[in-house]
Amino acid sequence: MAKFFQEPSRTFAEYLLVPGYTGPEDTPDRVSLKTPLVKFRKGEEPALSLNIPLTSAVMQAVSGPELAVALAREGGISFIFGSQTIESQAAMIRQVKSTKAGFTGSDANILPDATLREVIRLRQKTGHSTMAVTDNGKQDGILLGILTSRDFRETRVDLDNTLVRDVMTPFDKLIVGDEGITLSEANDIIWEKKLNQLPIVDKDQRLKAFVFRKDYEQHKENPNEVLDSHKRYLVGAGINSRDYKDRVPALVEAGADIFVIDSSEGYSCWQAETIKWIREKYGDTVKVGAGNVVDGEGFRFLADAGADFVKIGIGGGSICITREQKGIGRGQATATIEVAKARDEYFEETGVYVPICSDGGIVQDYHMTLALAFGADFVMLGRYFARFKEAPNKVVSVNGNYMKEYWGEGSARARNWQRYDVGGDGKMSFVEGVDSYVPYAGSLADNVGLTISKIKHTMCNCGFTNIADFQKDAKVTLVSAVSISEGGAHDVLVRDDNVDAGQM
């Protein structure tokens, strides 16, 4: 007979945190959200940690190079999507790793023979007014000049017949920095020469990066940024259990700091085989997370297999229809609670702490805080990050509103069959995700800053200033359907100019 769980499968929306004593030390500025990213032994420090408990999902519509850099600046990490060729994924990893703190790769590049009409189009696409003029129109080309919005006025020139070379500032009139210059030295030049930007070039005049005046303050304002030993931003990559023997070496060479096996269901022999191969080839020097699972059995299997972290969640994502199609999954709150219990038991037995990541089921910002209270060390978010300008998906107008396209890896658009692979033919038999839109929300930094502020204030209300203590002693209550409706605005007519600060 089938095994039946007696308790219902619950979501985060069915719980609330109960406030605790808030003492004089429980203030938001004293809250640390530092959290382990990979496993470690009792008494030791993890090889990789995050300064905020947020990671971006392994999705085409979410985790590209620009978002990876923006999130690393805030203290989290992105996992560049693996549903692309090995070469293109490696190129994205290299793009992130070529960006040192304060050094920005150029994503607005143009040929000298391009027209100003093309310049306008590129500016609309990237949102950047400073463009590098290179011999090949790419970010790694020989720098021939710089074009900014101050070099021409749209209303005073023939946009279709004026070429970039006619209005740009040529290289021989530029002040540049040599490759290897420190950020401090670059900023000294910017302030001494009263520049807005300093191009960094190698000995062959190839463009390597920009240092911008505006980033000077931004760099000082990002004390949480996560960096490797060379002051480069941390970045992860999604892999699958099919081509890992080719993909992993290429991504290691490109500089990926950590991998995650991207699968809708991770309690499988294929994930164990993938981890085993990585351990035999690289030992513990290459970090790899695994998942997804929804119970203690699945966690124990992947922890024993050698996973550096374990991801929780099946069917809870906003664009996921796995539960509709297959009837498998579990409420995200219940899954997180049970896996966290298994994680703690495993730690007691072995002395090895394996972090867990809650992936999916986050609708409101406070659900992230609940996930942490329930034992998650960090959360993985798709829809949340897909709304931001740094995500690689397009901004479109839908019924007069700015939206961003958002599609699941199991949708007909992505057709990431490897993520749903259960052996057999290499194809997708049916879809497990949808193609949709999400409201455009602006910059990552502004939105993540607000979310982190909410998490810190909530922890203070509960009397905690770090995640470990919060996980251990938080007080949580189930809520009734009536209590849920009572929690929002009710019995009033809400004015249109009210800002909805709770809904993502």
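Predicted model: local features only at pLDDT ≥ 70, side-chain atom pairs only at ≥ 80, totals over all residues.
User: Which strands make up the open sheet of three, and in what order?
Analyst: The order is β21-β22-β23, and the pairing is antiparallel. The edge strands are β21, residues 395-398, and β23, residues 435-439, each of which pairs on one side only. From one strand to the next, the twist averages 50°.

User: How many bridges join β22 and β23?
Analyst: Five bridges join β22, residues 401-407, to β23 in the antiparallel sense. Among the paired residues, Y406 has S436 in β23 as its bridge partner.

User: Which residues form the nonpolar patch on the surface?
Analyst: The patch consists of V395, Y402 and Y440, which together have about 320 Å² of accessible area.

User: Where is Y440 found?
Analyst: Y440 lies in the loop between β23 and α14, the latter spanning residues 444-462.

User: Why is Y440 classed as partly exposed?
Analyst: Y440 has a relative accessible area of 34%, and the class applies because this value falls between the limits of 20% and 50%.

User: Turning to the open sheet of four strands, what is the pairing there?
Analyst: The pairing is mixed, and the strands run in the order β7-β8-β9-β10. β7, residues 109-110, and β10, residues 169-170, stand at the edges; each has a single partner strand, so one side of each lacks a neighbour in the sheet.

User: How do β9 and β10 pair, parallel or antiparallel?
Analyst: Strand β9, residues 143-147, pairs with β10 in the antiparallel sense over two bridges. The bridge partner of I146 in β10 is T169.

Conventions. Residues numbered from 1 in each chain as written. Heavy atoms only, no water. Pairing = 2+ DSSP bridges. Axes fitted to C-alpha atoms, helices over the stretch in contact; angles between N-to-C directions. Patch = residues over 30% accessible without salt bridge, like charges linked within 9 Å, V, L, I, M, F, W, Y side chains within 5 Å. Areas by Shrake-Rupley, 256 points an atom, 1.4 Å probe, with all protein chains shown as cover. Salt bridge = Lys/Arg side-chain N within 4 Å of Asp/Glu carboxyl O. Buried < 20%, exposed > 50% of the residue type's maximum accessible area, 1.4 Å probe, protein only.
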